[in-house]
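Here is a short briefing to read alongside the model. Take a look at the fold and its surface, and then follow the notes below.

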Amino acid sequence: VSWCWDYTLDEFVGSIRSWLRNENLCPDDTFSWICFFCNNQYRIKDAASQVSPQELRSTFEHSLVQVGQMVIMLNDFFDPM
């Protein structure tokens, strides 16, 4: 799932629920890779981090390729953030 940090938790959860409903997917059988939980992009800014930006990029890129498809959340198409 690709999303914007400006969205509220309600918008995020509502979007996931709408996508599941529109795709006729069972929530109990559907798994999502959400970059926020799986790839801490803020580590790049952490001076104490032992992980280089190149390593984070490689991990992120590998994960996206393995996922196979992407869901992108858009709050307001006519007034993008």
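A patch is made of residues with over 30% relative accessible area and no salt bridge, joining like charges within 9 Å and nonpolar side chains (Val, Leu, Ile, Met, Phe, Trp, Tyr) within 5 Å. A salt bridge, in turn, is a side-chain nitrogen of Lys or Arg within 4 Å of a carboxyl oxygen of Asp or Glu. This is a predicted model, where local features need pLDDT of at least 70, side-chain atom pairs count only at pLDDT 80 or more, and totals for chains, interfaces and linings use all residues. Residues are numbered from 1 along each chain as its sequence is written, and side-chain values use heavy atoms, leaving out hydrogens and water.

**Surface**
- Leu64, Met70, Ile72 and Leu74 make a nonpolar surface patch of about 400 Å².
- Isoleucine 72 sits in the segment after H3, and it counts as exposed because its relative accessibility is 55% (exposed is over 50%, buried under 20%, partly exposed in between, with a 1.4 Å probe and protein chains only).
- The protein's accessible surface is about 6,800 Å², with 53% belonging to carbon and sulfur atoms (Shrake-Rupley method, 1.4 Å probe; for residues, only the protein chains shown count as cover).

**Fold and packing**
- The protein has 3 helices and 0 strands (DSSP runs numbered from the N terminus: helices are H or I with at least four residues, strands E with at least two).
- Of its 81 residues, 17% count as buried.
- Among contacts (heavy atoms within 4.5 Å) with a separation of 6 or more, 61% come from residues 24 or more positions apart.

**Helix H3 and its end**
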